[in-house]
Amino acid sequence: MTGVSAVRPFRSLSVAMLRGFARDRASVFFALVFPLMFLFLFGSVFADRDRSRDELLVYGDVPVLSSLPEGARAAFEEIFETRTVDDLDAGLQEVRDGDVAALVLMDGDTFVVRYSEADQVTAAQTRGALQAFVDRSNLGPAPPATPFRAERVEDESLQTIQFVTPGLLGWAVAMSAAFGAAATLQGWRQTKLLRRLQLAPIGVGTIVAARVGVTVLVALVQFAIFVGLATALFDLRLTGSWWMSLPLLVTGTLAFMAVGLLAGAVAKTAEGAVNMANIIVLPMAFLSGSFFPLDGAPDWLQTLSRLFPLRHLNDGMLDVMVRGHGPAAVLVPGAVLAAFTVVLTVLAARLFRWEST
């Protein structure tokens, strides 16, 4: 088969698959409309909110904390676990990355708390609790006044939509890729189309390439729509090497295609394959930070979430789209997603049967 003749069936298959996707109202709904409903919900309701408690870093000598009375000390230790840091920039980076709740230091006689807006619930709780302890230290007979100041570690232009968009986008791509692969594989097997394609003058590689190409194209369209609407309606501002989220998104799409292939290989019907993919992806979204941050979750839940590919996709996109990290930030998540793709594809191939039994 010449190069031109090999491209023609690939193009025809791709166009047919793309038209099939566009005509399938359920696929379009779950790939675009349903996730966008959550984007509008979080973008509108949480126009200025987010997060939950964690570790507190202390830089230098902070007399307010070291001189807390016994009762106040006990209350403070119930709320915060403190750790002293010698490197201010490294400490602030931990806050920026969401690894700790805040960093406190003294600026002259002023008590300063540096916090992240990534989760405004935690940020508000942390600021409120620390201000209460500072106010408590200012009580008493002629105490020296200690002013309180709270400062964000991020650029002031960053809003909650920055932190919401990557997670919802990751969930949308995961759903679309997994559902599409599961339904396609099982549907083709049920209608005997796979057997017919075996007899057609089209290589298996061409069929696979067309399916992958269409799924990746849909994921890129999802990215454009999500980012475009979030920018136009909710003032999304991308930071850092945001463009590196595109190759990461492609790798994540392949990983969730593999999830769909596994569901399609195991299930007996197209409906069963889609339901199985849904059972896998939806709980994974809740456990991977797509809907809410996991910073305040128990350690065992944090560990469990890192077993899921969606957690790595979400974290990688958050790093380059919001946290200002460079291109190297996607290397580890990308490698993990690639490994998921290979392992799940091999497993799906071993479990696949040409006929439904």
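Leu18, Leu217 and Val221 make a nonpolar surface patch of about 210 Å². Such a patch takes residues with over 30% relative accessible area and no salt bridge, with nonpolar side chains (Val, Leu, Ile, Met, Phe, Trp, Tyr) joined within 5 Å. Areas come from the Shrake-Rupley method with a 1.4 Å probe, and for residues only the protein chains shown count as cover. The model is predicted: local features need pLDDT of at least 70, side-chain atom pairs count only at pLDDT 80 or more, and totals for chains, interfaces and linings use all residues. Residues are numbered from 1 along each chain as its sequence is written, and side-chain values use heavy atoms, without hydrogens and water.

**Overall build**

- The protein chain has 14 helices and five strands. These are DSSP runs numbered from the N terminus: helices are H or I with at least four residues, strands are E with at least two.
- Of the 357 residues in the protein chain, 46% are buried. Buried means under 20% relative accessible area, exposed means over 50%, and partly exposed lies in between.
- The protein chain exposes about 16,900 Å², and carbon and sulfur atoms supply 63% of that area.
- Among contacts between residues at least 6 apart in sequence, 78% join residues at least 24 apart. A contact means heavy atoms within 4.5 Å.

- Val221 sits in helix 9 (residues 204-234).
- Val221 counts as partly exposed because its relative accessibility is 38%.

**Salt bridges**

- The whole structure holds six salt bridges. Each puts a side-chain nitrogen of Lys or Arg within 4 Å of a carboxyl oxygen of Asp or Glu.
- Arg149 bridges to Asp107, with the closest N and O atoms 2.9 Å apart. This pair links distant parts of the chain: Arg149 is in strand 5 and Asp107 in strand 3 (residues 102-107), 42 residues apart.
- Arg149 also bridges to Glu151, at 2.6 Å between the closest N and O atoms.
- Arg149 is partly exposed at 31%, Asp107 at 42% and Glu151 at 25%.
- Arg311 and Asp315 meet in a salt bridge of 2.8 Å, N to O. Both lie in helix 13, four residues apart, about one turn of the helix.
- Arg311 is buried at 9% relative accessible area, whereas Asp315 is partly exposed at 26%.
- Shared partners join Asp107, Arg114, Arg149 and Glu151 into one salt-bridge network.

**Aromatic rings**

- There are four aromatic pairs. Rings of Phe, Tyr and Trp (its six-membered ring) pair if their centres lie within 6.5 Å; planes under 30 degrees apart are stacked, over 60 edge-to-face, and the rest tilted.
- Phe76 and Phe80 form a tilted pair, 5.2 Å centre to centre with 45° between the planes. Both Phe76 and Phe80 are buried.
- Phe111 and Phe148 are stacked, because their centres are 5.9 Å apart and their planes lie at 15°. Phe111 in strand 4 (residues 110-115) and Phe148 in strand 5 (residues 148-152) are 37 residues apart.
- Phe111 is buried, with a relative accessible area of 0%.
- Ring pairs link Phe76, Phe80 and Phe133 into a cluster.

**Links across the sequence**

- Ser12 lies in helix 1 (residues 3-23). Ser12 and Ala210 are 198 residues apart in sequence and 8.8 Å apart in space, C-alpha to C-alpha.
- Gly326 lies in the loop between helix 13 (309-321) and helix 14 (331-351). Leaving aside neighbours within four places in sequence, Gly326 is in contact with Ser241 and Val320.

Terms used. Patches are made of residues with over 30% relative accessible area and no salt bridge: like charges are joined within 9 Å, nonpolar side chains (Val, Leu, Ile, Met, Phe, Trp, Tyr) within 5 Å. Buried means under 20% relative accessible area, exposed over 50%, partly exposed in between (1.4 Å probe, protein chains only).
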